[in-house]
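Try each task before you read its solution.

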Amino acid sequence: ISKVIESLRRYEAVDVAIPAADTVIRVDGDIVTEIPDRSKLMLGQTPQGFRLSVLKKAYELFTQNPVKVTDDCGLVVKYGLGRVGVVCGDRFNMKVTYPEDLYYADKVFQVKSQSLTNVSSDHLADLADRVIVVFGGNRGIGRRISEMAKGFGARAYVFSRRNGCDVSNVKSVQKVLREIYQDEGRINYVVNTAALLRMGTLDSRSYESIAAEMTTNYYGTIVVAKESFRYLAETKGSLLLFTSSSYTRGRAFYCVYSSTKAAVVNVAQALAEEWAPFGCSVNVINPERTNTEMRRENFGLENPSTLLDPDQVAKLSLLVLLSDFTGQVIDVRRNLSGNSL
(Lines give C-alpha, C1' and ligand atoms only; values in the text may rest on other atoms or scores of the structure.)
Protein backbone atom coordinates (compact mmCIF):
# COMPACT_ATOMS: atom_id res chain seq x y z
CA ILE A 1 0.00 0.00 0.00
CA SER A 2 2.80 2.40 0.89
CA LYS A 3 4.62 1.69 -2.38
CA VAL A 4 1.45 2.26 -4.37
CA ILE A 5 0.89 5.65 -2.72
CA GLU A 6 4.51 6.64 -3.28
CA SER A 7 4.34 5.65 -6.95
CA LEU A 8 1.33 7.91 -7.50
CA ARG A 9 3.76 10.83 -7.32
CA ARG A 10 5.09 9.67 -10.69
CA TYR A 11 2.14 7.94 -12.36
CA GLU A 12 -1.54 8.69 -12.89
CA ALA A 13 -2.44 5.17 -11.77
CA VAL A 14 -0.58 2.27 -10.16
CA ASP A 15 -1.08 -1.48 -10.38
CA VAL A 16 0.46 -4.23 -8.25
CA ALA A 17 1.72 -7.28 -10.12
CA ILE A 18 4.06 -10.26 -10.01
CA PRO A 19 5.91 -11.92 -12.92
CA ALA A 20 3.96 -14.67 -14.65
CA ALA A 21 5.40 -17.99 -13.52
CA ASP A 22 3.37 -20.05 -15.98
CA THR A 23 3.28 -19.98 -19.75
CA VAL A 24 0.22 -18.05 -20.96
CA ILE A 25 -1.48 -19.22 -24.12
CA ARG A 26 -4.04 -17.59 -26.37
CA VAL A 27 -6.68 -19.97 -27.72
CA ASP A 28 -9.44 -20.11 -30.28
CA GLY A 29 -11.73 -22.83 -29.03
CA ASP A 30 -9.44 -25.73 -28.20
CA ILE A 31 -6.62 -24.60 -30.50
CA VAL A 32 -3.57 -22.64 -29.30
CA THR A 33 -3.16 -19.62 -31.55
CA GLU A 34 -0.39 -17.72 -29.76
CA ILE A 35 2.14 -18.12 -26.94
CA PRO A 36 3.14 -14.60 -25.80
CA ASP A 37 6.62 -13.85 -24.50
CA ARG A 38 6.30 -14.58 -20.77
CA SER A 39 9.08 -12.13 -19.88
CA LYS A 40 6.69 -9.30 -20.73
CA LEU A 41 3.69 -10.71 -18.87
CA MET A 42 2.75 -10.06 -15.26
CA LEU A 43 -0.17 -11.08 -13.05
CA GLY A 44 -2.18 -8.20 -11.62
CA GLN A 45 -2.98 -8.08 -7.92
CA THR A 46 -4.44 -5.57 -5.50
CA PRO A 47 -4.38 -2.86 -4.26
CA GLN A 48 -4.50 -0.40 -7.12
CA GLY A 49 -4.02 3.34 -6.75
CA PHE A 50 -5.29 6.32 -8.72
CA ARG A 51 -5.18 10.06 -8.77
CA LEU A 52 -8.77 10.96 -7.94
CA SER A 53 -9.33 13.12 -11.02
CA VAL A 54 -8.14 10.30 -13.29
CA LEU A 55 -10.42 7.70 -11.72
CA LYS A 56 -13.42 10.05 -11.89
CA LYS A 57 -12.74 10.73 -15.56
CA ALA A 58 -12.42 7.00 -16.27
CA TYR A 59 -15.90 6.33 -14.85
CA GLU A 60 -17.41 9.30 -16.64
CA LEU A 61 -16.12 7.91 -19.94
CA PHE A 62 -17.26 4.42 -19.02
CA THR A 63 -20.86 5.57 -18.53
CA GLN A 64 -20.76 7.16 -21.98
CA ASN A 65 -18.73 4.50 -23.80
CA PRO A 66 -18.50 1.17 -21.92
CA VAL A 67 -15.50 -1.03 -22.69
CA LYS A 68 -14.64 -4.57 -21.60
CA VAL A 69 -12.08 -4.52 -18.78
CA THR A 70 -11.49 -6.52 -15.61
CA ASP A 71 -10.31 -3.73 -13.29
CA ASP A 72 -9.98 0.02 -12.93
CA CYS A 73 -6.43 0.14 -14.27
CA GLY A 74 -7.89 -1.33 -17.44
CA LEU A 75 -10.13 1.73 -17.78
CA VAL A 76 -7.18 4.10 -17.50
CA VAL A 77 -5.32 2.16 -20.20
CA LYS A 78 -8.34 1.83 -22.53
CA TYR A 79 -9.18 5.54 -22.41
CA GLY A 80 -5.55 6.69 -22.50
CA LEU A 81 -5.85 8.73 -19.31
CA GLY A 82 -2.22 8.43 -18.25
CA ARG A 83 0.59 6.09 -17.36
CA VAL A 84 -0.11 3.06 -15.17
CA GLY A 85 2.96 2.27 -13.09
CA VAL A 86 3.71 -1.14 -11.63
CA VAL A 87 4.67 -2.01 -8.06
CA CYS A 88 6.10 -5.46 -7.39
CA GLY A 89 3.61 -7.61 -5.51
CA ASP A 90 4.00 -10.79 -3.50
CA ARG A 91 2.97 -14.37 -4.22
CA PHE A 92 1.37 -14.51 -0.78
CA ASN A 93 -0.78 -11.48 -1.66
CA MET A 94 -3.67 -13.77 -2.46
CA LYS A 95 -6.94 -12.93 -4.11
CA VAL A 96 -9.86 -14.79 -2.59
CA THR A 97 -12.26 -15.63 -5.42
CA TYR A 98 -13.41 -19.17 -4.80
CA PRO A 99 -14.34 -20.88 -1.50
CA GLU A 100 -11.25 -23.10 -1.64
CA ASP A 101 -9.06 -19.96 -1.75
CA LEU A 102 -9.94 -19.32 1.90
CA TYR A 103 -8.67 -22.76 2.84
CA TYR A 104 -5.45 -22.21 0.90
CA ALA A 105 -4.95 -18.75 2.41
CA ASP A 106 -5.32 -20.17 5.90
CA LYS A 107 -2.69 -22.84 5.21
CA VAL A 108 -0.30 -20.26 3.77
CA PHE A 109 -0.71 -18.13 6.89
CA GLN A 110 0.13 -21.09 9.11
CA VAL A 111 3.54 -21.60 7.52
CA LYS A 112 4.34 -18.03 6.39
CA SER A 113 7.60 -16.83 7.84
CA GLN A 114 9.60 -13.63 8.09
CA SER A 115 13.26 -12.71 7.92
CA LEU A 116 15.32 -10.00 9.57
CA THR A 117 17.68 -9.21 6.71
CA ASN A 118 16.84 -5.50 6.90
CA VAL A 119 17.38 -5.08 10.65
CA SER A 120 20.66 -3.56 11.78
CA SER A 121 22.75 -5.24 14.45
CA ASP A 122 23.18 -1.78 15.96
CA HIS A 123 19.84 -2.37 17.68
CA LEU A 124 21.49 -4.91 19.96
CA ALA A 125 22.83 -2.03 22.02
CA ASP A 126 19.22 -1.47 23.12
CA LEU A 127 19.53 -4.61 25.27
CA ALA A 128 21.45 -2.64 27.90
CA ASP A 129 19.81 -3.00 31.33
CA ARG A 130 16.98 -5.15 29.96
CA VAL A 131 16.09 -8.20 32.04
CA ILE A 132 15.95 -11.43 30.05
CA VAL A 133 15.11 -14.91 31.33
CA VAL A 134 16.26 -17.89 29.26
CA PHE A 135 14.82 -21.33 29.94
CA GLY A 136 16.90 -24.21 28.60
CA GLY A 137 19.86 -21.87 28.58
CA ASN A 138 22.69 -23.97 29.97
CA ARG A 139 23.75 -25.23 26.56
CA GLY A 140 23.18 -24.81 22.84
CA ILE A 141 21.31 -21.84 21.44
CA GLY A 142 19.92 -20.83 24.81
CA ARG A 143 23.38 -20.46 26.32
CA ARG A 144 24.59 -18.38 23.36
CA ILE A 145 21.55 -16.11 23.68
CA SER A 146 22.23 -15.42 27.36
CA GLU A 147 25.97 -14.89 26.81
CA MET A 148 25.42 -12.54 23.90
CA ALA A 149 22.72 -10.60 25.76
CA LYS A 150 25.09 -10.09 28.69
CA GLY A 151 27.73 -8.86 26.27
CA PHE A 152 25.36 -6.06 25.25
CA GLY A 153 24.62 -5.09 28.83
CA ALA A 154 21.48 -7.09 29.52
CA ARG A 155 20.89 -8.83 32.82
CA ALA A 156 20.35 -12.42 31.72
CA TYR A 157 19.14 -15.25 33.94
CA VAL A 158 19.53 -18.84 32.80
CA PHE A 159 17.56 -21.87 33.96
CA SER A 160 17.34 -25.53 33.00
CA ARG A 161 17.19 -28.94 34.60
CA ARG A 162 20.89 -28.59 35.36
CA ASN A 163 20.21 -25.87 37.90
CA GLY A 164 16.92 -27.27 39.16
CA CYS A 165 14.29 -25.70 36.89
CA ASP A 166 12.14 -27.98 34.76
CA VAL A 167 9.88 -26.03 32.40
CA SER A 168 7.14 -28.60 32.84
CA ASN A 169 7.11 -27.99 36.61
CA VAL A 170 4.74 -25.13 37.30
CA LYS A 171 5.99 -24.35 40.79
CA SER A 172 9.60 -24.36 39.61
CA VAL A 173 8.90 -21.85 36.82
CA GLN A 174 6.77 -19.72 39.13
CA LYS A 175 9.56 -19.60 41.70
CA VAL A 176 12.36 -18.44 39.40
CA LEU A 177 10.23 -15.80 37.71
CA ARG A 178 8.96 -14.49 41.03
CA GLU A 179 12.46 -14.25 42.47
CA ILE A 180 13.84 -12.44 39.43
CA TYR A 181 10.96 -9.98 39.55
CA GLN A 182 11.53 -9.35 43.25
CA ASP A 183 15.23 -8.68 42.62
CA GLU A 184 14.95 -6.68 39.40
CA GLY A 185 11.50 -5.15 39.60
CA ARG A 186 10.73 -6.13 36.00
CA ILE A 187 11.15 -8.79 33.32
CA ASN A 188 11.44 -7.57 29.73
CA TYR A 189 11.98 -10.78 27.78
CA VAL A 190 11.42 -14.49 28.27
CA VAL A 191 13.01 -17.05 25.95
CA ASN A 192 12.23 -20.76 26.00
CA THR A 193 14.75 -22.97 24.20
CA ALA A 194 14.18 -26.04 26.41
CA ALA A 195 13.48 -29.11 24.27
CA LEU A 196 13.97 -32.85 24.04
CA LEU A 197 14.61 -34.82 20.84
CA ARG A 198 14.52 -38.61 20.95
CA MET A 199 15.07 -40.48 17.70
CA GLY A 200 13.35 -43.74 16.79
CA THR A 201 10.22 -45.18 15.27
CA LEU A 202 7.07 -44.61 17.28
CA ASP A 203 6.61 -48.36 17.65
CA SER A 204 10.06 -48.81 19.19
CA ARG A 205 9.71 -46.07 21.80
CA SER A 206 8.39 -46.36 25.33
CA TYR A 207 5.44 -44.35 26.50
CA GLU A 208 7.65 -42.87 29.20
CA SER A 209 10.08 -41.34 26.67
CA ILE A 210 7.21 -40.12 24.51
CA ALA A 211 5.54 -38.46 27.50
CA ALA A 212 8.81 -36.83 28.56
CA GLU A 213 9.32 -35.31 25.10
CA MET A 214 5.76 -34.05 24.84
CA THR A 215 5.82 -32.69 28.38
CA THR A 216 9.00 -30.69 27.87
CA ASN A 217 8.42 -29.47 24.33
CA TYR A 218 4.70 -28.69 24.46
CA TYR A 219 3.45 -28.52 28.03
CA GLY A 220 6.66 -26.76 29.07
CA THR A 221 5.95 -24.08 26.48
CA ILE A 222 2.46 -23.62 27.89
CA VAL A 223 3.81 -23.31 31.44
CA VAL A 224 6.50 -20.78 30.52
CA ALA A 225 4.03 -18.69 28.53
CA LYS A 226 1.29 -18.72 31.16
CA GLU A 227 3.61 -17.90 34.06
CA SER A 228 5.49 -15.20 32.11
CA PHE A 229 2.46 -13.25 31.00
CA ARG A 230 1.87 -11.21 34.17
CA TYR A 231 5.45 -9.92 34.10
CA LEU A 232 5.62 -9.26 30.37
CA ALA A 233 2.29 -7.40 30.49
CA GLU A 234 3.88 -4.89 32.88
CA THR A 235 6.80 -4.13 30.57
CA LYS A 236 5.02 -4.71 27.24
CA GLY A 237 7.68 -7.33 26.80
CA SER A 238 8.26 -10.24 24.48
CA LEU A 239 8.12 -14.02 24.61
CA LEU A 240 10.35 -15.94 22.21
CA LEU A 241 9.81 -19.63 21.46
CA PHE A 242 11.63 -22.10 19.23
CA THR A 243 10.38 -24.48 16.58
CA SER A 244 12.07 -26.69 13.99
CA SER A 245 11.99 -26.92 10.21
CA SER A 246 10.13 -30.19 10.76
CA TYR A 247 7.07 -28.31 12.04
CA THR A 248 5.63 -27.93 8.53
CA ARG A 249 5.79 -31.65 7.81
CA GLY A 250 6.22 -34.59 10.16
CA ARG A 251 9.55 -36.42 9.84
CA ALA A 252 10.08 -40.16 10.10
CA PHE A 253 11.95 -41.28 13.24
CA TYR A 254 11.06 -38.15 15.19
CA CYS A 255 7.33 -37.75 14.74
CA VAL A 256 6.80 -36.74 18.38
CA TYR A 257 9.36 -33.96 18.15
CA SER A 258 7.95 -32.71 14.82
CA SER A 259 4.41 -32.61 16.12
CA THR A 260 5.33 -30.77 19.32
CA LYS A 261 7.21 -28.16 17.31
CA ALA A 262 4.13 -27.65 15.13
CA ALA A 263 2.16 -27.12 18.32
CA VAL A 264 4.62 -24.47 19.50
CA VAL A 265 3.98 -22.43 16.34
CA ASN A 266 0.24 -22.73 16.87
CA VAL A 267 0.57 -21.59 20.48
CA ALA A 268 2.61 -18.54 19.49
CA GLN A 269 0.16 -17.47 16.78
CA ALA A 270 -2.76 -17.75 19.20
CA LEU A 271 -0.99 -15.97 22.07
CA ALA A 272 0.08 -13.13 19.78
CA GLU A 273 -3.61 -12.31 19.35
CA GLU A 274 -4.48 -12.84 23.02
CA TRP A 275 -1.60 -10.69 24.24
CA ALA A 276 -1.83 -7.91 21.65
CA PRO A 277 -4.17 -5.73 23.79
CA PHE A 278 -1.48 -5.76 26.48
CA GLY A 279 1.31 -4.68 24.14
CA CYS A 280 3.14 -8.01 24.43
CA SER A 281 4.67 -9.80 21.46
CA VAL A 282 5.12 -13.52 20.87
CA ASN A 283 7.32 -14.93 18.10
CA VAL A 284 8.96 -18.18 17.09
CA ILE A 285 12.47 -18.77 15.80
CA ASN A 286 12.76 -21.50 13.16
CA PRO A 287 16.47 -22.27 12.73
CA GLU A 288 17.94 -24.47 10.05
CA ARG A 289 19.98 -27.45 11.25
CA THR A 290 22.21 -25.97 13.94
CA ASN A 291 25.49 -27.16 15.39
CA THR A 292 24.31 -27.83 18.95
CA GLU A 293 24.83 -30.54 21.53
CA MET A 294 21.30 -31.86 21.03
CA ARG A 295 21.83 -32.27 17.32
CA ARG A 296 25.17 -34.05 17.78
CA GLU A 297 23.60 -36.41 20.32
CA ASN A 298 20.96 -37.46 17.81
CA PHE A 299 22.70 -37.19 14.44
CA GLY A 300 26.36 -37.67 15.29
CA LEU A 301 29.20 -35.63 13.85
CA GLU A 302 28.37 -33.63 10.73
CA ASN A 303 30.32 -31.23 8.55
CA PRO A 304 30.11 -27.92 10.47
CA SER A 305 29.98 -25.98 7.19
CA THR A 306 26.55 -27.53 6.51
CA LEU A 307 25.16 -26.38 9.86
CA LEU A 308 24.16 -23.03 11.30
CA ASP A 309 26.44 -21.48 13.90
CA PRO A 310 24.52 -21.12 17.21
CA ASP A 311 25.91 -17.59 17.55
CA GLN A 312 24.10 -16.60 14.35
CA VAL A 313 20.84 -17.99 15.71
CA ALA A 314 21.40 -16.20 19.03
CA LYS A 315 22.02 -12.87 17.29
CA LEU A 316 18.87 -13.13 15.20
CA SER A 317 16.90 -14.20 18.27
CA LEU A 318 17.91 -11.08 20.16
CA LEU A 319 17.02 -8.91 17.17
CA VAL A 320 13.57 -10.49 17.11
CA LEU A 321 13.10 -9.60 20.78
CA LEU A 322 13.88 -5.99 19.86
CA SER A 323 11.68 -5.96 16.75
CA ASP A 324 8.01 -5.04 16.45
CA PHE A 325 7.11 -8.49 15.09
CA THR A 326 4.42 -10.56 16.78
CA GLY A 327 2.79 -13.84 15.82
CA GLN A 328 5.57 -14.50 13.33
CA VAL A 329 7.74 -17.48 12.51
CA ILE A 330 11.21 -16.13 11.76
CA ASP A 331 13.38 -18.39 9.61
CA VAL A 332 17.12 -18.49 10.25
CA ARG A 333 18.92 -19.87 7.20
CA ARG A 334 22.45 -20.02 5.87
CA ASN A 335 23.33 -18.28 2.64
CA LEU A 336 26.10 -19.46 0.33
CA SER A 337 28.74 -17.73 2.43
CA GLY A 338 27.59 -19.55 5.55
CA ASN A 339 25.88 -16.61 7.22
CA SER A 340 22.33 -16.70 8.50
CA LEU A 341 19.42 -14.74 7.09
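**Exercise 1.** Work out how α5 and α10 are oriented relative to each other, and which residues bring them together.

*Solution.* This is a predicted model, so keep that in mind throughout. Start with the axes: those of α5 and α10 come within 8 Å and cross at roughly 60°. Next, classify the angle. Angles under 35 degrees count as roughly parallel and 65 to 115 as roughly perpendicular, and α5 is therefore oblique to α10. The handedness of this crossing is right-handed. Now list the residues. On the α5 side you have Ile 141, Arg 144, Ile 145, Met 148 and Ala 149, and they meet Pro 310, Asp 311, Val 313, Ala 314, Lys 315, Ser 317 and Leu 318 of α10. Sort the residues of this α5–α10 contact and you get eight nonpolar, one polar and three charged.

**Exercise 2.** Check whether the length of α10 fits its residue count, then find what covers its buried residues.

*Solution.* Helix α10 runs over residues 310–322, which is 13 residues. At 1.5 Å a residue they should span 18 Å, and the end C-alpha atoms are 19 Å apart, so the two agree. Then look for burial: Pro 310, Val 313, Ala 314, Leu 316, Ser 317, Leu 318, Leu 319, Val 320 and Leu 321 are buried. The cover over the buried residues of α10 includes the helix α5 (140–151) and the strands β7 (131–135), β9 (189–192), β10 (238–242), β11 (281–287) and β12 (329–332).

**Exercise 3.** Describe how α7 packs against α6 and against α8.

*Solution.* Take α6 (residues 170–184) and α7 (residues 207–235): their axes are 10 Å apart, at an angle of about 25°. That makes them roughly parallel to each other, with a right-handed crossing. Val 170, Val 173, Gln 174, Leu 177, Arg 178 and Tyr 181 in α6 meet α7 residues that include Tyr 219, Val 223 and Glu 227. The α6–α7 contact divides into eight nonpolar, two polar and three charged residues.

Now turn to α8 (residues 255–275): the axes of α7 and α8 come within 9 Å and cross at roughly 15°. So α7 is roughly parallel to α8, and this crossing is right-handed too. Among the α7 residues in the contact are Ile 210, Glu 213, Met 214 and Phe 229, and among those of α8 are Val 256, Tyr 257, Thr 260 and Trp 275. The α7–α8 contact divides into 14 nonpolar, three polar and one charged.

**Exercise 4.** Which residues does Glu 213 touch, not counting those up to four places away in sequence?

*Solution.* At 0% relative accessibility, Glu 213 counts as buried. Glu 213 touches Leu 196, Leu 197, Arg 198, Arg 205, Tyr 218, Val 256, Tyr 257 and Thr 260.

How values were computed: Residues are numbered from 1 along each chain as its sequence is written. This is a predicted model: local features need pLDDT of at least 70, side-chain atom pairs count only at pLDDT 80 or more; totals for chains, interfaces and linings use all residues. Side-chain values use heavy atoms; hydrogens and water are left out. Axes are lines fitted to C-alpha atoms, for helices over the stretch in contact, and angles run from 0 to 180 degrees between N-to-C directions. Helices (H or I, at least four residues) and strands (E, at least two) are DSSP runs, numbered from the N terminus. Angles under 35 degrees count as roughly parallel, over 145 as roughly antiparallel, 65 to 115 as roughly perpendicular and the rest as oblique. A crossing is left-handed if the near helix is turned anticlockwise from the far one by less than a right angle, and right-handed if clockwise. Contact means heavy atoms within 4.5 Å. Ala, Val, Leu, Ile, Met, Phe, Trp, Tyr, Cys and Pro count as nonpolar, Asp, Glu, Lys and Arg as charged, and the others, Gly among them, as polar. The expected span of a helix is 1.5 Å times one less than its number of residues. Buried means under 20% relative accessible area, exposed over 50%, partly exposed in between (1.4 Å probe, protein chains only).
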